[in-house]
Amino acid sequence: MNKQELENRLIDFAATIIISASTFKVNYAGNHLGGQIIRSGTSPALNYGEAQSAESTKDFIHKMGICLKELRETFVCLKIVEKANLSSDLNNLSMAKTEVNELISIFVSSIKTAKTNLK
């Protein structure tokens with residue numbers, strides 16, 4: 001997968017998260033987790049753009065690590081939303097969980113490769 005394909009995939013994932021959050025129940029928990037997941041679920045696309053302009057390999061690894069951290073946070077949030085039954089669209093929630101798992105794997109691999117190349 002090239003850089004542009006990954007960026008597009010992250011943008012599509014961010015849009016999926018925004019759409020998914022709009023299906024959360026309108027209550028304290030739904031509002032709280034909706035805001036949280038929008039922040040963590042859109043952050044990887046934005047930070048990936050920064051990683052592409054990294055000033056060094058160490059800076060690239062750091063920025064990719066931020067993306068990975070946000071993806072993991074989003075995954076946990078999706079699981080909480082699912083367990084607490086806060087979404088009316090379980091299909092979209094399931095697709096988002098699958099996609100975030102795949103993205104996590106891509107970022108783990110990319111960071112590992114960058115660290116190997118640093119040595």
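Where does His62 lie? His62 sits in helix α3, where helices (H or I, at least four residues) and strands (E, at least two) are DSSP runs, numbered from the N terminus. At 51% relative accessibility, His62 counts as exposed, given that buried means under 20% relative accessible area, exposed means over 50%, and partly exposed is in between (1.4 Å probe, protein chains only). Go from His62 to Ala51 and you cover 11 residues in sequence, while their C-alpha atoms are 8.2 Å apart in space.

Before going on, some ground rules. This is a predicted model, in which local features need pLDDT of at least 70 and side-chain atom pairs count only at pLDDT 80 or more, while totals for chains, interfaces and linings use all residues. Residues are numbered from 1 along each chain as its sequence is written, and side-chain values use heavy atoms, with hydrogens and water left out.

## How the helices pair up

Let's start with α2 and α3. Helix α2 covers residues 28-51 and helix α3 covers residues 57-83; they pack at an angle of about 155°, and their axes are 8 Å apart. Axes here are lines fitted to C-alpha atoms, for helices over the stretch in contact, and angles run from 0 to 180 degrees between N-to-C directions. α2 and α3 are therefore roughly antiparallel to each other. On that scale, angles under 35 degrees count as roughly parallel, over 145 as roughly antiparallel, 65 to 115 as roughly perpendicular and the rest as oblique.

The crossing of α2 and α3 is left-handed, a label used if the near helix is turned anticlockwise from the far one by less than a right angle, with right-handed used if clockwise. The residues in the contact of α2 with α3 split into 14 nonpolar, 6 polar and 5 charged. For these classes, Ala, Val, Leu, Ile, Met, Phe, Trp, Tyr, Cys and Pro count as nonpolar, Asp, Glu, Lys and Arg as charged, and the others, Gly among them, as polar.

Now for α1 and α4. The axes of helix α1 (residues 3-21) and helix α4 (residues 90-118) come within 10 Å and cross at roughly 150°. That makes α1 roughly antiparallel to α4. This crossing of α1 and α4 is left-handed. By class, the contact of α1 with α4 has 11 nonpolar, 3 polar and 3 charged residues. On the α1 side, the residues taking part include Leu6, Arg9, Leu10 and Phe13, and on the α4 side they include Glu99, Glu102, Leu103 and Phe107; contact means heavy atoms within 4.5 Å.

Ile18 also belongs to helix α1. At 43% relative accessibility, Ile18 counts as partly exposed. Leaving aside residues up to four places away in sequence, Ile18 touches Ile38 and Thr42.

## Salt bridges

Side chains of opposite charge can pair when their charged atoms come close. The structure holds 5 salt bridges, each being a side-chain nitrogen of Lys or Arg within 4 Å of a carboxyl oxygen of Asp or Glu. Here are some of them:

| Pair | N to O distance |
|---|---|
| Arg9 and Glu102 | 2.4 Å |
| Lys63 and Asp59 | 2.9 Å |
| Lys97 and Glu82 | 2.6 Å |

Take the Arg9 and Glu102 salt bridge. Arg9 lies in helix α1 and Glu102 in helix α4, so the pair ties together parts that are 93 residues apart in sequence. Arg9 is buried, with a relative accessible area of 19%, whereas Glu102 is partly exposed at 38%. Arg9, Glu99 and Glu102 are linked in a network of salt bridges.

Lys97 and Glu82 also form a salt bridge. This pair links distant parts of the chain, with Lys97 in helix α4 and Glu82 in helix α3, 15 residues apart. Lys97 counts as buried at 18% relative accessibility, and Glu82 is partly exposed with a relative accessible area of 35%.

The Lys63 and Asp59 pair stays within one helix: being 4 residues apart in helix α3, Lys63 and Asp59 are separated by about one helical turn. Both Lys63 and Asp59 are buried.

## A loop residue to look at

Asn85 is in the loop between α3 and α4. Most residues other than glycine have a negative phi. The phi of Asn85, though, is near 55°, a positive value in a residue other than glycine. Asn85 is partly exposed, with a relative accessible area of 43%.
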